[in-house]
Amino acid sequence: MDIQPILAALRRHKAGTILIALQIALTLAIVCNALFIIHQRLSRMNEPSGVDEANIFVIQNLWGEQYSTQEALERIQEDLAALRQVPGVQDVTPSNQYPFKGGGWDNLITLKPDQRTETTDASYFAGDEHFLGALGEKLIAGRDFRPDEVQSRGLREKMNPSVAIVSKPLADKLYPHGDALGKSFYAMTSAPVTIVGIVDVLQRSDVGTWSVPYAGESMVVPIRMAMPWGGYYIVRTKPGQLTAAMRAAPKALYAENRMRMIDSKDGVLSFAEVRHRAFERDRGMAILMSIICAVLLAITAAGIVGLTSFWVGQRRRQIGVRRALGATHRDILSYFMTENLLISLAGVALGVLLTFGLNLWLVTRFTLSVLPLTYVLGGIVILLLLGQGAVFAPALRASRVPPIEATRPA
Amino acid sequence: MLKMTHLSKVYRTEVVETYALRDFNIDVKEGEFVAVTGPSGSGKTTFLTIAGLLETFTGGTYHLDNLDVSNLDDNARSKIRNEKIGFIFQAFNLIPDLNVFDNVEVPLRYRGMKAPERKERIMGALERVGLASRAKHYPAELSGGQQQRVAIARALAGSPRLLLADEPTGNLDTQMARGVMELLEEIHRDGATIVMVTHDPELAARAQRNVHIIDGQVVDLAEDPRFHTAYAAAAGQVRG
Ligand SMILES: Nc1ncnc2c1ncn2[C@@H]1O[C@H](COP(=O)(O)OP(=O)(O)O)[C@@H](O)[C@H]1O
Ligand SMILES: [Mg+2]
């Protein structure tokens, strides 16, 4: 189909043409960015935590009374011993936090003690020599903590660990040449921390978007931390024993010492539940964005169907004339399909600019990353197909206008 | 060129059956200029639309250029309309969204003609109807007579063998009607077969042969001069 006469005719229908092109442009801009956000949220949700998720649960233990640091440390040791007696329990560690907890501890990391701006930020896990075992983490380099390295500390005491196990993303950020093992870094203290072990994946405790630039960067230090309010126990069970152990664990703790509170609803969480809760907002956002996309696409399609139907009705006579002058069904069909393609192309051309404009705003306003080109290309394909799909029914109706229509009295 | 035998056309609605044409016989020879006359509602337009393959018929046979057209599919009919037939309608039927040049180009594009040849033919046809200088104008910017001449140029540009005109001067004043008629005569002299429906006895008289239709049937007035005068008088009253 030749486009010149179609363009010429469109110039005589500016209002409708511009309206639909603008609608397509806006839809493209919003859908591209929304799909990108959806994809980012979904891929965050599906990121591996690094821990043995199927066999892990977490207990949040609140002391019923104020303990001194020394008392708290003793209670913790008693609790750990009690938990190890629970049938099905494989390993357990005390901890200040766990992956995907939301919020939590993190430290700015530098490579030199007097460095002004940080090299990066790491999620800060404090556990004992059972930490890796209790989380089901596997070392890819170096060694686990030795029992004699583990310090016991009250919350307000100075923490100056000399060794740490770090996640691979943190190791690579600090030492990009893959030679992090044995090297050291500084975490808010003037004493160097030596990297003695590296694990492949250990997700951060926080799940907010602020830490996206530091994704997956975590460190574990050998500190048994006595927090005045209580703390967390991360428990790993033997395969298939999770449910039973989750039920038995709080009973064992209460039996050992009644002066505590373990919330009946949120006090014992399987790791599956931890993950589910961590990404509730992301899931909600993804659903909302999907609905917005679907509604926008539906409105745009409806606009195209409406305008084309109106134009077909308006042009019945000239369609008849074209048929009388030799146009086939296909000529008429392709006239309207091509007309829509031209409007859509103008729309997406403008839309690409709007898309990057909107993305730029999202990048500066919120911490969204720069939209990959594939999303724009995908969006363009979606909108062109949508346009062609929407225009097909009215175009088909147009192609069925009989040539005799040319002779009907006006 | 155009031969219909025992042709009939029935319009069926839920309540009535209208025989627009019945036992309709006509034979237009190659190169003839035939004027079709008859009272309103007698079936003139129906005849022309069937002749031009704009519509199918109910019974009988129709041979166009020795080809039985009754079993042609829609694409074949479109191709014949495009290549062999030129239409001139009473209401001009130019496409309002296209300028004069683009209007004349429409049938040539459907023929798949290359741009340089299209341009040559369009300008040739527009020169012939005296409107070459108006190529960039839109139909709404032209008078009725000019629009009809554009329509004639559009019909001419494809060099059709058969030109079908349904009251081409019906919407024009006498002066403009004469101009259109002179154009048609010129086209006829160049070899085209022309079938023209008209209410105007003066124009009808200038054709080689008059065919009179009454109630969907043909009466050949050329063979009976008495009918001719009677019709002329009747037509005069209708027009008055
Ligand atoms: N589409 C149609 N549906 C029903 N009846 C029609 C239709 N077209 C024409 N007719 C009828 O056929 C007859 C012939 O019409 P037409 O060929 O238009 O006459 P003319 O052109 O001589 O005035 C008329 O009675 C008219 O009402
Ligand atoms: Mg008529």
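How far is an oxygen atom of ligand 1 from a polar backbone atom of B:G41? In this predicted model, the separation is 2.7 Å. Two further backbone approaches to oxygen atoms of ligand 1 are found in chain B: a backbone N or O atom of B:G43 lies at 3.0 Å, and a polar backbone atom of B:K44 lies at 2.8 Å. Ligand 1 taken alone exposes 560 Å², and the protein buries 64% of that area.

The shell around ligand 1 is made up of B:Y11, B:T18, B:A20, B:P39, B:S40, B:G41, B:S42, B:G43, B:K44, B:T45 and B:T46. By class, these residues divide into 3 nonpolar, 7 polar and 1 charged. Two elements of chain B, β2 (17-28) and α1 (44-51), each give two or more residues to this shell. The largest share, 3 residues, comes from α1(B).

The interface between chain B and chain A was examined next. The contact takes 24 residues from chain B and 25 residues from chain A. The size of an interface is often expressed as the accessible area that is lost when the parts come together. For chain B and chain A, the buried area is about 2400 Å², with carbon and sulfur atoms giving 55% of it. On the chain B side, B:D97, B:R109 and B:Y110 together supply 28% of the area that chain B buries against chain A, more than any other three residues.

The rule finds 12 residue pairs in polar contact between chain B and chain A, with both residues of each pair at pLDDT 80 or more. The elements of chain B that give two or more residues to the side touching chain A are α2 (74-84) and α3 (100-110). Of these, α3(B) provides the largest share, 6 residues. The side of chain B that touches chain A has 11 nonpolar, 5 polar and 8 charged residues.

Side chains of opposite charge can pair when their charged atoms come close. Between chain B and chain A, the count is 1 salt bridge. This salt bridge joins the side chains of A:R323 and B:D74, with an N to O distance of 2.8 Å. Over all chains, a search of the whole structure finds 38 salt bridges. One of the salt bridges within chain A joins the side chains of A:E78 and A:R75, at 3.1 Å from N to O. A:E78 and A:R75 are separated by about one helical turn, because they stand 3 residues apart in helix α3 (residues 69-85) of chain A.

Definitions and conventions:
Residues are numbered from 1 along each chain as its sequence is written. Chains are lettered from A and ligands numbered from 1 in the order in which they are written. This is a predicted model: local features need pLDDT of at least 70, side-chain atom pairs count only at pLDDT 80 or more; totals for chains, interfaces and linings use all residues. Side-chain values use heavy atoms; hydrogens and water are left out. A residue is near a molecule or strand if one of its heavy atoms lies within 4 Å of it. A polar contact is a pair of N or O atoms within 3.5 Å; within protein, one must be able to donate a hydrogen and the other to accept it, and residues adjacent in sequence count only if both atoms are side-chain atoms. Accessible areas come from the Shrake-Rupley method with a 1.4 Å probe; for residues, only the protein chains shown count as cover. Helices (H or I, at least four residues) and strands (E, at least two) are DSSP runs, numbered from the N terminus. Ala, Val, Leu, Ile, Met, Phe, Trp, Tyr, Cys and Pro count as nonpolar, Asp, Glu, Lys and Arg as charged, and the others, Gly among them, as polar. Contact means heavy atoms within 4.5 Å. Buried area is the accessible area (1.4 Å probe) that two parts lose on being put together, summed over both. A salt bridge is a side-chain nitrogen of Lys or Arg within 4 Å of a carboxyl oxygen of Asp or Glu.
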